[in-house]
Amino acid sequence: MALLWLVVTMSHAINAPQMTVYEAVNKAGYQRMLTQRIAKCYLSIVAEVDADKYREHLKGSAKLFKENLKELSAYAPTTDI
């Protein structure tokens with residue numbers, strides 16, 4: 001009985017959608033904001049305006065962008081999308 005419960009629970013977790021359409025759209029909008037933040041950080045570093053602070057922001061923003069892109073790629077129904 002416990003094995004049956006485990007199989008049913010695991011199959012439901014595997015088949016459950018990771019995010020809704022609304023969450024995907026929100027995440028895509030967040031990606032757009034991150035690209036703007038990354039550009040601002042890069043320009044601030046090049047202009048030597050508080051470069052150390054913006055290097056840290058750049059690292060964090062790039063990491064978030066990659067994580068979100070991975071999630072959105074897993075959500076996309078086709079490779080073209």
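In the predicted model, R55 and D52 lie three residues apart in helix α3, a separation of about one helical turn. Their side chains meet in a salt bridge, with an N to O distance of 3.3 Å. The two partners fall into separate accessibility classes: R55, at 39% relative accessibility, counts as partly exposed, whereas D52, at 60%, counts as exposed. A second pair in helix α3, E56 and K59, is likewise three residues apart, about one turn of the helix. The side chains of E56 and K59 form a salt bridge at 3.8 Å, N to O, and K59 is exposed, with a relative accessible area of 55%. Such spacing is in keeping with the geometry of an α-helix, which has 3.6 residues a turn, so that residues three or four places apart point the same way.

A search of the whole structure finds four salt bridges. Among them is the pair formed by K27 and E71, whose closest N and O atoms are 2.8 Å apart. Because K27 belongs to helix α2 and E71 to helix α3, this pair ties together parts of the chain that are 44 residues apart in sequence. K27 is among the buried residues of α2, while E71 is partly exposed, with a relative accessible area of 37%.

For α2, 26 residues at 1.5 Å a residue should span 38 Å, and the end C-alpha atoms are 38 Å apart. For α3, the corresponding span for 25 residues is 36 Å, in agreement with the 36 Å between its end C-alpha atoms. Helix α2 comprises residues 21-46 and is followed by E48, whose phi is positive, near 60°. Helix α3 covers residues 51-75.

The two helices also contribute to each other's cover. In α2, the buried residues are A24, K27, Q31, L34, C41, S44 and I45, and what covers them includes α3. In α3, residues A51, Y54, S61, N68 and L72 are buried, and their cover includes α2.

The loop between α1 (2-15) and α2 contains M19. This residue is buried, with a relative accessible area of 9%. Leaving aside neighbours within four places in sequence, M19 is in contact with A24, K27, E71, L72 and Y75. Although M19 and E71 are 52 residues apart along the chain, their C-alpha atoms are separated by 8.9 Å.

Together with V21, Y22 and V25, Y75 makes a nonpolar surface patch of about 460 Å².

Conventions:
Residues numbered from 1 in each chain as written. Predicted model: local features only at pLDDT ≥ 70, side-chain atom pairs only at ≥ 80, totals over all residues. Heavy atoms only, no water. Patch = residues over 30% accessible without salt bridge, like charges linked within 9 Å, V, L, I, M, F, W, Y side chains within 5 Å. Areas by Shrake-Rupley, 256 points an atom, 1.4 Å probe, with all protein chains shown as cover. Helix = DSSP H or I, 4+ residues; strand = E, 2+ residues; numbered from the N terminus. Expected span 1.5 Å × (residues − 1). Buried < 20%, exposed > 50% of the residue type's maximum accessible area, 1.4 Å probe, protein only. Contact = heavy atoms within 4.5 Å.
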